[in-house]
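Dear colleague,

I am handing over a structure to you with this email, together with some notes on what turned up in it. Please keep the structure open while you read the notes.

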Amino acid sequence: MLGDGAQTPSRSDLLCMVKKNSKMLGKTIVEDEETSDVETDPVFWHDIMDVYFIRGRESRGRQEDDLVFFVKKLHLQNHGSNEDESVNSPYFVRRWAPKLDDLTGASSSDVDWRRSFYLNLIAQTSFSVTVAICSQQVLKNYQTGKDKPLSPIYKVIKTVYASPSRINFHLDSRKEVETTSAYPEICFAVDDFDSTFDAVVLTDVDHCYCVLLNAHDGAAFPSERKQQDYSPANSSKSDTSSGKVPTSKITLFSGFVSYQMVRDAYDAGRSGFGSLLSLHSVGKTDRIYMKGPGGRGEVEVAVSGVVDQSKQDFSHQSVDNDSRKGLSFSAVVRRAASVASEAAKHAYAAASATRDEGMIPLKCCLMSISLPWEHIAHDLLFKGSPPVNL
């Protein structure tokens with residue numbers, strides 16, 4: 001059993017074992033000679049899970065998630081219409097405890113230990129999403145010479161968390177309406193999408209809406225494996241001594257669509273737009289789904305036209321008295337609303353100065369990214385191409 005010897009393997013050593021026995025990841029057809037007996041051995045994956053996430057839990061400069069996920073064996077996954085979500089769910093969750101078998105109890109024989117390890121590897125890795133506006137010409141130049149970073153017109157970077165569940169929002173009220181199982185998809189949701197991306201507005205026909213998902217820390221990046229800490233400043237630097245790019249960041253998803261494609265879908269109000277976009281109209285804001293490159297993954301975006309706010313009267317209550325004793329919560333909210341309205345005014349003014357007749361500035365708020373767990377796990381373990389620099 002792993003870890004029963006004099007020395008417990010490090011996380012880096014454990015990941016090497018996992019890589020050697022992950023030939024089936026992302027493959028629908030696997031030749032017998034490609035797999036090993038270990039890869040299909042539930043005892044191996046049980047022990048890996050135990051040492052990596054239970055006994056080998058480590059502090060990484062942030063509070064590790066104390067939730068442990070267990071995927072049920074396929075024949076036990078109920079895909080029926082039972083109202084009890086815990087019965088239908090393909091996985092169950094427990095809070096961390098010092099002993100793995102205490103977490104599962106009598107359900108231990110129901111667990112798919114291989115898939116459970118991969119799900120926890122994903123769930124306990126750190127991710128960030130970058131949403132940017134780029135010109136089409138800049139994107140073309142980047143595609144012909146990827147040694148140069150993209151130069152966005154505007155970008156927002158946001159921390160997101162991997163979850164095997166999906167949150168469905170009401171676009172009119174911006175409130176969570178329900179949480180459902182997404183597995184085998186992994187969902188990266190942005191709860192405050194409307195405020196986070198309020199200033200992401202396409203104001204020119206040359207604009208493209210770009211979305212990147214990067215992994216950069218956590219369970220998939222053992223401290224003893226990393227040669228340097230991740231930071232936006234050094235993540236694009238190359239290791240000149242070895243000729244390799246440091247594994248401080250891995251791009252899991254990168255995709256973009258032009259203004260015209262978003263506008264066509266926004267105007268159409270129909271249920272489908274080729275194989276790339278589909279739209280479901282909900283009041284003043286439309287929910288658009290964009291497929292990733294090669295049909296891999298899906299991005300959910302709330303799109304709305306930006307109205308001319310130059311003539312609207314926004315009351316700005318003075319907060320001078322509050323500043324002497326610290327800003328009150330209401331003052332902070334008022335100030336944030338003022339900044340958001342000013343950003344919208346600037347976006348509309350920029351579009352008015354350059355757009356063709358009929359040009360509508362489109363605000364695009366990223367709601368979620370979904371990817372199959374096998375693709376994520378494979379890239380975390382094996383992806384060798386350099387990250388997209390934006």
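This is a predicted model: local features need pLDDT of at least 70, side-chain atom pairs count only at pLDDT 80 or more; totals for chains, interfaces and linings use all residues.

Residues are numbered from 1 along each chain as its sequence is written, and side-chain values use heavy atoms, with hydrogens and water left out.

The secondary structure comes to 11 helices and 15 strands, where helices (H or I, at least four residues) and strands (E, at least two) are DSSP runs numbered from the N terminus. Of the 390 residues in the protein, 45% are buried, a word that stands here for under 20% relative accessible area, with exposed meaning over 50% and partly exposed in between, using a 1.4 Å probe and protein chains only.

Strand E15, which covers residues 362-372, is largely enclosed by the rest of the structure, because 10 of its 11 residues are buried. Two strands are said to pair if DSSP finds at least two bridges between them, and strand E14 (residues 298-305) is joined to E15 by eight bridges, the two running antiparallel, with Val299 having Ile369 as its bridge partner in E15. E8 also pairs with E15 in the antiparallel sense, over five bridges, and there Ile186 stands opposite Leu371. Strand E9 (residues 201-202) pairs with E15 over two bridges, again antiparallel, and Leu202 has Leu362 as its partner.

A cis peptide bond joins Tyr183 to Pro184, with omega about 20 degrees, and it is worth a look since most peptide bonds are trans.

The axes of helix H1 (residues 11-20) and helix H2 (residues 42-55) come within 10 Å and cross at roughly 155 degrees, axes being lines fitted to C-alpha atoms, for helices over the stretch in contact, with angles from 0 to 180 degrees between N-to-C directions. H1 is therefore roughly antiparallel to H2, a term used for angles over 145 degrees. Residues in contact have heavy atoms within 4.5 Å, and those of H1 include Leu14 and Val18, while those of H2 include Trp45 and Ile48.

With best wishes

Note on methods:
Angles under 35 degrees count as roughly parallel, over 145 as roughly antiparallel, 65 to 115 as roughly perpendicular and the rest as oblique.
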